[in-house]
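Try each task yourself before reading its solution.

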Amino acid sequence: MEHKIAVIPGDGIGPAIVAEACKVLDAAAAKFGFGLCYTELLMGGASIDVHGVPLTDETIETAKASEAVLMGSIGGDAKTSPWYKLEPQLRPEAGLLKIRKSLNLFANLRPAYLYEELRAACPLRDEIIGEGFDMMIMRELTGGLYFGARQTVEENGVRKATDTLDYSENEIRRIAIKGFEIARKRRKKVCSVDKANVLDSSRLWRAVVEEVGKDYPDVELSHMLVDNCAMQLVRDPAQFDVILTENMFGDILSDEASMVTGSIGMLSSASLNETKFGLYEPSHGSAPDIAGKGIANPIATVLSAAMMLRYSLDLDEAADAIEAAVKQVLKEGYRTGDIMSEGCTLVGTKEMGDLIAARV
Ligand code: NAD
C-alpha cells in the first residue's frame, strides 16, 4: 500500500533534516513492505520567496489530501532576514499558525524520553533519573485561554486586562479520546492535569475526562493538579506515561518536560486532528545559526517521522524499528555536535541519517 505524505522542508536546517528523515522512512518502507509517496510543499520563508506569502491555499489543499504532513522547521534570523521586514501576517511563523488552524490540529503530542546514552545532558540528579523516563505530554491546542475573548480597558484611569479560559465538553471529549487512544499504544496510563480545586473549566475538564475514561477500562486514569505536576516532573518523572492537559498548562509543562531530557535536537512532536491525520515536526526551530553547515541533528525529525508511522499510518512495527535504530546509533557512540560528549564519534547531519537508515 502506498501512503501519501506531504513534506514541508521549510527553512534553515529544515530541508537538511527532512531529507534524512525521508531517507530513514524509505529504509523502513523497504524493510516492512509499504510504499510512501512524498509531495514536497513550500511553507514559511521558502514560500514567501516564491509566492510572497508564507502559506498558499494550494499548499493547504495538498496537505489536506495527504494522510500526514512531515515538516522540518520554518523561520529565519529575525534580526537579519528580510522576511521579518514584512507585515506580521506575511512572516514565516504566520504560515505555521494558519496550517495548524486550517488542518484543525487540536491535539499536540510531545514525547519526553531519556536516552540512557544522553543521561549526562539531563539536568536532574542521578537518583531522580533512576532507570530513566518515557512520557508523552498531550496538550489541547486550539481552545482555552489562548483563544478566549480578551480585552484591555481603562476604568477611572486604571488599566484592566481580561483573558477568558473557556472549554466546551466537546473540545475536552475529543482530546480525552485521543489521550486514551495514545495511552493504549503505550503503557496504558493517563494522568489528567488540571486546576480543579480552583477553576470551573478544570472541573468540567475532570468530569469529561472521567466520562471518557469509562470507555477505556484497560487504561489507568489519575488526576493531578497542575502545580503538583510541575513539581513531580522534576521529582519523579518516571511515574508518568501520558499527561493529558489543556492548552496553557500543556504549553508550560511540555517545555518543562522537554528540558529535563536536555537535548533540543532530539525532541519530536505531532499535532493531530479528529481523524488519523497529523502534522509531524521537530520541537526545535530552523536554527539559522547552523543552517547550511551540515551539522544539524536530524534525530528529532527522524523520531517525528516514526511518530507519523505509528499514529497516522498505524505502522507501529516500522516506528519501533526506527526508534530502535536511533537508540542503536547512540549506543555505538555516534553523535552530532549538539549532543557530543567525550569519547564519542562526531558525525554530520547526512552521516547520522545514513547510520540510522542502515540500522532500521
Ligand atoms: P532554534 O530551535 O531554531 O535554535 C535554538 C538553538 O538550538 C540554536 O543554537 C540552534 O543552533 C540549536 N538547534 C536547534 N535545533 C538543532 C538541531 N536539530 N541540531 C543542532 N542544534 C540545533 O530556536 P531559535 O533560534 O529561537 O529560532 C530560530 C527560528 O526558528 C526562528 O525564526 C523561529 O521563529 C523559528 N522556529 C520555528 C519553529 C517551527 O517551525 N515549529 C519552532 C521554533 C522556532
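For the charge exercise below, Lys and Arg count as positive and Asp and Glu as negative, while His and the chain ends are not counted. The place of a charge is NZ of Lys, CZ of Arg, CG of Asp or CD of Glu.

This is a predicted model, in which local features need pLDDT of at least 70 and side-chain atom pairs count only at pLDDT 80 or more, while totals for chains, interfaces and linings use all residues. Residues are numbered from 1 along each chain as its sequence is written, and side-chain values use heavy atoms, with hydrogens and water left out.

**Exercise 1. The whole chain**

Task: Find how far apart the mean positions of the positive and negative charges are, then describe the overall build of the protein chain.

Solution: 
- Step 1. The protein chain has 39 positive and 54 negative charges, and their mean positions are 1 Å apart.
- Step 2. Count the secondary structure: the protein chain has 12 helices and 14 strands. These are DSSP runs numbered from the N terminus, with helices (H or I) of at least four residues and strands (E) of at least two.
- Step 3. Check the radius of gyration, taken over C-alpha atoms and compared with 2.2 Å times the number of residues to the power 0.38. For 360 residues a compact globule would have a value near 21 Å, and the protein chain agrees because its own value is 21 Å.
- Step 4. Along the principal axes, the C-alpha atoms fill a box of roughly 60 × 50 × 45 Å.
- Step 5. Of the 360 residues, 52% are buried. Buried means under 20% relative accessible area, exposed over 50%, and partly exposed in between, with a 1.4 Å probe and protein chains only.
- Step 6. Take contacts (heavy atoms within 4.5 Å). Among those between residues at least 6 apart in sequence, 75% join residues at least 24 apart.

**Exercise 2. Arg150 and its partners**

Task: Which groups does the side chain of Arg150 reach?

Solution: 
- Step 1. Find Arg150 in strand E6 (residues 150-155).
- Step 2. The Arg150 side chain reaches the backbone oxygen of Tyr146 at 2.7 Å.
- Step 3. A polar contact of 3.4 Å links the Arg150 side chain with that of Asp163.
- Step 4. Beyond four places in sequence, Arg150 touches Leu145, Thr162 and Asp163.

**Exercise 3. A loop residue**

Task: Where is Gln239, and which residues does Gln239 touch?

Solution: 
- Step 1. Gln239 sits in the loop between helix H8 (226-235) and strand E10 (242-245).
- Step 2. Gln239 is partly exposed because its relative accessible area is 25%.
- Step 3. Apart from residues up to four places away in sequence, Gln239 touches Lys189, Met224 and Gln232.
- Step 4. A polar atom of the Gln239 side chain lies 3.1 Å from the backbone oxygen of Asp236.

**Exercise 4. Backbone angles**

Solution: 
- Step 1. Asn104 is not a glycine, yet has a positive phi of about 55 degrees.
- Step 2. Ala287, also not a glycine, has a positive phi of about 40 degrees.
- Step 3. Most residues other than glycine have a negative phi.
- Step 4. Asn104 lies in the loop between helix H4 (92-102) and strand E4 (107-113), and Ala287 in the loop between strand E12 (278-282) and helix H10 (299-311).

How values were computed
A polar contact is a pair of N or O atoms within 3.5 Å; within protein, one must be able to donate a hydrogen and the other to accept it, and residues adjacent in sequence count only if both atoms are side-chain atoms.
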